[in-house]
Amino acid sequence: RHVADFQLSIASVIENSSSDCLAQDLHLQAEQLAERLKCDSVVSEISAGPGTVNFTINRELLAKTVLQQVWKDGSEYGVKSELFSTVPRQKAVIEFSSPNIAKKFHIGHLRSTIVGNFIANLKVALGHEVVRINYLGDWGMQFGLLGVGFQSFGNKEKLKSSPLQHLFEVYVQINKAAEDENTKKLAKDFFRKLEERDEQTLSIWKQFRDLSIEEYIRIYKRLGVHFDEYSGESFYQEKAQEVLKMLEDKGLLQKTIKGTGIVDLSENKDLSTVSTVMRSDGTSLYITRQFLIISFRDLAAAIDRMNKHSWDTMIYVTDKSQSNHFQHLFQILKLMGYDWAERCQHVSFGLVQGMKTRRGEVVFLEDVLNEVRSRMLQNMASTKTTKEVQNPVETAEKVGLAALIIQDFRGLLSSDYQFSWDRALQSRGDTGVFLQYTHARLHSLEQMHGNAELTDVNVACLQEPDAISVLQHLLRYDEVLYRSSQDLQPKHIVSYLLTLSHLAAVAHKTLPVKGSAPDVAQARLCLFQAARSVLANGMKLLGITPVTQM
């Protein structure tokens with residue numbers, strides 16, 4: 001029997017429906033109600049189920065409405081739904097990725113990059129204005145060490161050709177001597193000169209930063225990610241001092257016996273929750289964002305962004321170990337009198353275990369991209385059905401990235417998960433490879449038979465259960481977008497697209513275009529076109545570039 005399109009639960013409309021209301025009573029009432037309701041031009045069938053009344057929409061109307069809407073709205077299908085009509089257009093600042101110069105680009109940075117990119121894509125699609133910020137770790141004592149290291153082990157040619165790798169190698173080498181008193185002194189001197197804005201020292205630092213950003217831009221491009229602003233801790237040197245003065249003026253900064261600066265965040269002002277903001281030697285804490293350590297720089301950055309962008313919401317995308325950090329950051333901003341701190345949000349994610357490349361642990365983002373590309377190329381080469389693809393390397397990269405993203409987005413962002421290359425790159429099952437494969441198949445169907453013009457299509461030809469299943473699923477797309485826009489979780493869209501792909505794969509088998517009567521072939525082609533269009537829209541939101549051949 002076919003599945004109804006809409007269902008009404010009797011218990012939800014009965015005034016005094018208590019839980020002891022017997023099932024058979026509800027069933028009886030459902031039958032009585034179903035008998036009293038009349039079909040019309042929209043509803044073609046009304047029947048009673050166990051405690052429910054089921055409605056079936058006129059099949060031609062369902063097909064016509066869905067296909068017309070997909071065809072008319074194109075890439076905006078689902079977004080133009082009335083579900084979003086009351087949602088105000090807003091300006092969002094999103095800070096994500098944020099690696100440290102000369103240090104590893106670890107898997108947490110990769111997660112932050114793809115999650116932040118998804119949130120930005122979704123907000124842009126829904127008509128919001130978005131500013132994408134990459135807040136680099138580009139300041140601090142490690143630059144004293146790096147500067148000294150570069151004077152000893154640096155190579156200008158290597159710095160130009162592969163800055164990220166070279167700076168990392170220099171940093172690792174100098175770290176071996178970091179305990180040596182002379183090295184310590186030199187590093188302190190270098191960083192002091194940096195803080196005093198000594199021209200020569202500053203130009204070395206600027207070269208490290210600029211070349212690193214250039215290289216990052218190139219690698220992010222492979223990921224399909226871009227930023228509007230490359231900010232960093234270095235920007236908030238002077239502004240951090242202003243924040244310190246504000247905290248003092250408002251009487252929020254207290255000193256412990258040891259001379260450490262703290263801000264009291266407890267309800268009863270009994271110091272049960274404090275946030276450390278200053279070391280006893282008076283220096284602002286900008287050791288990486290760690291537990292309970294708030295740097296004046298992070299406060300200064302938040303205030304500066306409000307002044308510069310006057311945003312409606314600001315989202316920080318980092319792993320969940322930093323939840324306390326952001327809770328404290330927002331609380332201190334509120335104590336400072338900034339009510340907009342309530343519109344700041346921390347989107348946190350869990351940890352990924354076990355991601356290794358053939359060369360071992362992940363050190364650079366590029367390692368991951370190269371690994372996924374080479375593994376995918378290998379899989380494509382060993383598959384019997386792989387046609388000659390025009391640009392196999394590019395295709396392998398796009399398919400491989402889809403595999404990474406889908407494996408990452410399938411569950412709740414806050415869950416930790418065990419990474420597996422084999423599982424991610426399977427061509428069957430719920431994977432990114434399967435989504436790409438489905439998209440490529442549907443695309444080649446269009447290439448083979450041309451595009452169906454909706455005006456000429458006889459929708460009465462789409463009566464089969466497998467066609468109806470696809471249409472019903474397409475109808476639900478806006479609800480899924482709405483859910484993801486509410487909780488910023490990509491998993492709703494992921495499971496929707498996987499189901500759409502499975503339904504389309506079944507329909508592709510049972511509803512052939514080739515060899516069918518012309519009007520049947522046209523109607524089916526139109527259905528598959530609609531499925532491919534929505535599949536492509538959803539994939540792009542997730543940060544995946546759909547491929548057209550595989």
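A residue counts as buried when its relative accessible area is under 20%, as exposed when over 50%, and as partly exposed in between (1.4 Å probe, protein chains only). The model looked at here is a predicted one, where local features need pLDDT of at least 70, side-chain atom pairs count only at pLDDT 80 or more, and totals for chains, interfaces and linings use all residues. Numbering starts from 1 along each chain as its sequence is written, and side-chain values use heavy atoms, with hydrogens and water left out.

Helices (H or I, at least four residues) and strands (E, at least two) are DSSP runs, numbered from the N terminus. S10 covers residues 313-319, and seven of its seven residues are buried, so the strand is largely enclosed by the rest of the structure.

Next come its partners, where pairing takes at least two DSSP bridges between two strands. S4 (residues 91-95) runs parallel to S10, joined to it by four bridges, with valine 93 opposite methionine 314. Six bridges link S10 to S11 (residues 344-349), again in the parallel sense; here tyrosine 316 has histidine 346 as its bridge partner.

Then there is tyrosine 417, which sits in strand S15 (residues 417-418). Tyrosine 417 is buried, at 16% relative accessible area. Leaving aside neighbours within four places in sequence, its contacts (heavy atoms within 4.5 Å) are Arg111, Leu351, Val352, Gln353, Gln407 and Asp408. By contrast, phenylalanine 227, 190 residues away in sequence, lies 27 Å from tyrosine 417, C-alpha to C-alpha.
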